[in-house]
Amino acid sequence: MFQWGRKADGHELMDWTSATAGTRKYGETDTANDNPSDSLFITKYSDWRVTPDDTLWANESSPNNVCPVGYRLPLNPNGAVDAENELAVELNSWDSKDVNGSMSSDLKLTTAGGLTSGGAITWWTPGYGIYWTGSVVPSDGNNSTVSNARDMYFGNALGLLDTSGRGLGYSVRCIKQFTMEENASLPANIKIDWTSLEANVVSIYDNTPYTPAIDIQGVIDSGPNTVTIEIPYTVENNTTTLPAYSTTYTIDAADTEDGVADIVATFSWSEQSNLKVGKDRVFNATITTSATYNAKKLDAEDDRAGRTVATFNYPTDDAGSTGTVTLKVIPGILDRNFNVQTNGEYQHQFIYASVTSHVTGRVWLNNNLGADYADMNNSAFNPTQQATAIDDYKAYGSSFQWGRKADGHELINWISSTEGTRKYGRTGIRADEPSNPLFIWGEDIRHDWRVNQDDTLWASESNPNNVCPVGYKVPEDLKLTKEIKHWSSADSKIVAPNVLKLPAAGMESGQIIDAGELGVYWSSTPMGSRAMYTKFLFDIMFSNWYRDGGRSVRCIKD
């Protein structure tokens, strides 16, 4: 007897002793909790959670789905009226909406009743069957039942779709998700916007000139090392459901590090229910493998282009058009100072991946310079991982003064989404060639860390002060502008289908401010005694600022 949207964590288990009597395997509590740490039934009528979440049972891939793989709870398909709910359709096909009708149907739904929120006692047993659906009551801003969920009950010749508080306990019957054949087309009113997608796994071994050797084993499996790919889509005219899809590719043993043959890679997405009309939206697909895939380790220089190990086709519209996902093993893109000691240490052992913009076609690094995800020596190291939210501080990275080398002045130790400290301190003494890694900040009218201003410091890939990896550079202002102008709003930088995933690391003008809210990125373009930057908070702005300010850097391929 499940509470709506809750995982199968034991709270639902019953010990039935007769057709009318049963007890919970575990006890109960009246303390609401978004992530229960025990199996107690939470006796709150409206919701067992503190914060309602309509997505918990929304489809097969929902995080709390209690059904077997490939199955989900019944829904109102495509936002349809309640009479078209998948469970209501079954009910309406019965000879009678009672026990006799149920027992003569294919489903044979039983009448286990329900569990109230006031003590978790069974009720309406055995006269009624009450079954949760995966649908919720849509909010209209005034509806007092906006936190309720849809259920279906039957008994005594009465059966209908109803609503109940999410804290009640009802039965669950699962339905198989809609699945497309491999060569099928999409439904008529949905289109996948990108016809070329790439997924990377970083795997590298290189001992020349690196001491100790760089040794990273890239792995894909069907568990924690699953590869996730965002699929951008557009829905026109009406809400729709996208059926599940999957296709496979057998990886050649020569593309594995351990010579294992017959590893099958699967590209798939689960059924996407009730996709609303609109664009600039994404759903997630995954790449998994039938056994642990240890990717071939590549050389940083010799194999810089990477190695294609699998390709998958997928439908993109209702006319039979297809797109391609390419799975590549790459050695990663090493920081320009990866093998260079600064301040007596190897402080820039960062490894990045690349992403290709579907707005401009330009290639960018997937993370900010200095991001924890890119840091080989950080516990968060995962070179293909990007920011998961605007305030994902593991993606914040370094904060550079404009035109200055990566000499350590930019390094920040982030401990939360709002708090970080510079690895080194600050000084007010300006220098054209700083002899230390101190952040140079003064109050003079020019606000430059240098004595003599120089507009060319980040002008090209070959410039000696270029902080980006070999082959990359700090983007000109126009390059940033083209990428960001397609955002529908300033808060769409993470959730919209853009590959940059720019986090908001704040900025520094004497101290770090607005981390977690404000994103500020340098361009290579000077503007008088200042330099151009891109900023986003509640809106998107292109402006200029003093060159001694600290800003994030995202590199573009030259």
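These are my notebook entries on one predicted protein model.

**Conventions**

I number residues from 1 along each chain as its sequence is written. The model is predicted, so I take local features only at pLDDT of at least 70 and side-chain atom pairs only at pLDDT 80 or more, while totals for chains, interfaces and linings use all residues, and side-chain values use heavy atoms, with hydrogens and water left out.

**Entry 1: confidence**

I began with pLDDT, the predictor's confidence in each residue, from 0 to 100. The chain mean is 89. I found 91% of the residues at 70 or more. One is residues 139–145. The other is residues 490–496. I then looked up contacts, meaning heavy atoms within 4.5 Å. Beyond four places in sequence, the model has five contacts for residues 139–145. For residues 490–496 it has 24 on that count. I keep a caution beside both: where pLDDT is low, the predicted coordinates should not be read in detail.

**Entry 2: the whole chain**

I noted three helices and 44 strands. Helices (H or I, at least four residues) and strands (E, at least two) are DSSP runs, numbered from the N terminus. The C-alpha atoms fill a box of roughly 90 × 55 × 45 Å along the principal axes. The chain has 558 residues, and 51% of them are buried. Buried means under 20% relative accessible area, exposed over 50%, and partly exposed in between, with a 1.4 Å probe and protein chains only.

I checked the sequence range of the contacts as well. Among contacts between residues at least 6 apart in sequence, 62% join residues at least 24 apart.

The exposed surface comes to about 23,900 Å². Carbon and sulfur atoms supply 47% of that area. The areas are Shrake-Rupley values with a 1.4 Å probe; for residues, only the protein chains shown count as cover.

**Entry 3: residues in strands**

I picked L197 in strand 15, residues 196–202. L197 counts as buried because its relative accessible area is 5%. Beyond four places in sequence, its contacts include I229, E230 and I231. Y314, T324, V325, T326 and H358 are also among them.

Y153 lies in strand 10, residues 149–155. With a relative accessible area of 13%, Y153 is buried. I listed its contacts beyond four places in sequence: L91, Y128, G129, I130, L158, G159, L160 and D162. The C-alpha atoms of Y153 and A531 are 66 Å apart; along the chain these residues are 378 apart.

T240 sits in strand 20, residues 240–242. T240 is buried at 4% relative accessible area. Its side chain makes a polar contact with the side chain of N189, at 3.4 Å. A polar contact is a pair of N or O atoms within 3.5 Å; within protein, one must be able to donate a hydrogen and the other to accept it, and residues adjacent in sequence count only if both atoms are side-chain atoms.

S268 is in strand 22, residues 263–269. Its relative accessible area is 18%, so S268 counts as buried. Apart from residues up to four places away in sequence, S268 touches Y245, S246, A285 and T286.

**Entry 4: backbone exceptions**

I started from the general rule: most residues other than glycine have a negative phi, and most peptide bonds are trans.

Which bond joins T208 and P209? A cis peptide bond, with omega about 5°. The bond from T211 to P212 is cis too, with omega near 0°. P209 is in the loop between strand 16 (204–206) and strand 17 (214–216). P212 lies in the loop between strand 16 and strand 17.

I then checked phi. K501 has a positive value near 50° and is not glycine. K501 lies in the loop between helix 3 (477–484) and strand 38 (507–508). K501 is buried, at 7% relative accessible area.

D514, also not a glycine, has a positive phi of about 60°. Its loop runs between strand 39 (512–513) and strand 40 (519–527). Is D514 buried or partly exposed? D514 is partly exposed, because its relative accessible area is 38%.
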